[in-house]
Amino acid sequence: MAFAFALVALAACATRPPADDPEALAEFRETNDPFEPANRAMFEVHEVADRFVLQPVAEAYRDILPQPVRNGIRNALGNLRAPVILANDLLQGNFSRARITLGRFMVNSTLGLGGFLDVAREWGVSGHSEDFGQTLAVWGAGEGFYMFVPLLGPSSPRDLAGQGVDFAFNPLTWLGQGAVVDAAGWTRLGLTVVDTREALLEPIDAVRSSSLDPYSTLRSAYRQRRDYEIRNQEERGRVVAPAGTTGFGQAVTEPAPPAAETRPR
């Protein structure tokens, strides 16, 4: 998919403003979207798939399963991401957050019945999300250009590379092959996609109905959200959207206090 995007991008680069137009040049650099025509084409492909497949499935998922069951699935998916989050906490040298991640995983995996109940959050220990894209940012890697990948959504070269490493961090990757393992992996993937899309039903509907340019709105929201995540800043009561770059399987987070820890981008 990324290779196909690259081929389209080579044939559809946004025109860089002339040097004698500083305002347009500054806006071009700020949006960081040199392949905007290709990205918009990929966005349209994604919109078709979303409107006719992902959104109807997410709506049916919401209609069929009651809220407590959906919350339990979301909590369990977030708990399964704990090893990836822990690895990135450690790689970033953030041992206090690593301790929280490990503690939450142990408590929720046992008392929380495999993570279906977020007992740790009820005890006042909220979760957080980390991925290797964030780790690369902490290590000083640049974001690279903005890109939109159908089904995956907004991304960047740094975040796509991070997703590959996070996949390697996932213990399920190393369980070998077999009918049970394969079924578990595909079930987790399917639930992750559906859970993520269900959490975004209202936000995406709002963007489509109120924004004159949904593509630009989503681009801006994605880049701001990644900046918050890299700085370890979270918004109260906000559902973190999909893993890796979009936060797949991450449960509803409770906010860091006003004097929350931040880190430079």
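Modeller: Leucine 151 lies in the loop between β1 (147-149) and β2 (153-155). Strands (E, at least two residues) and helices (H or I, at least four) are DSSP runs, numbered from the N terminus. This is a predicted model, in which local features need pLDDT of at least 70, side-chain atom pairs count only at pLDDT 80 or more, and totals for chains, interfaces and linings use all residues. Residues are numbered from 1 along each chain as its sequence is written, and side-chain values use heavy atoms, with hydrogens and water left out.

Colleague: What is the phi of leucine 151?

Modeller: Phi is about 75° there, a positive value although the residue is not a glycine. Asparagine 32, in the loop between α2 (22-31) and α3, also has a positive phi, near 55°.

Colleague: Is asparagine 32 buried or exposed?

Modeller: Buried means under 20% relative accessible area, exposed over 50%, and partly exposed in between (1.4 Å probe, protein chains only). Asparagine 32 has 19% relative accessibility, so it counts as buried. Leucine 151, at 49%, is partly exposed.

Colleague: How do I read the packing of α3 and α11?

Modeller: Two packed helices are described by the angle between their axes and the distance between the axes. Axes are lines fitted to C-alpha atoms, for helices over the stretch in contact, and angles run from 0 to 180 degrees between N-to-C directions. Helix α3 (residues 36-64) and helix α11 (residues 201-210) pack at about 140°, with axes 11 Å apart. That makes α3 oblique to α11; angles under 35 degrees count as roughly parallel, over 145 as roughly antiparallel, 65 to 115 as roughly perpendicular and the rest as oblique.

Colleague: Which residues of α3 and α11 meet?

Modeller: Contact means heavy atoms within 4.5 Å. From α3, Glu47, Asp50, Arg51, Gln55, Ala58, Glu59 and Arg62 meet Leu201, Glu202, Asp205 and Arg208 of α11. By class, this contact has 2 nonpolar, 1 polar and 8 charged residues. Here Ala, Val, Leu, Ile, Met, Phe, Trp, Tyr, Cys and Pro count as nonpolar, Asp, Glu, Lys and Arg as charged, and the others, Gly among them, as polar.

Colleague: Which residues of α11 are buried?

Modeller: Leu201, Ile204, Val207 and Arg208 are. Seen down the axis of α11, they fall within an arc of 140°, so they line one face of the helix. The arc is that of the directions from the helix axis to the C-beta atoms. Ser209 and Ser210, on the other side of α11, are exposed. What covers the buried residues includes α3, α10 (179-199) and α12 (214-230).
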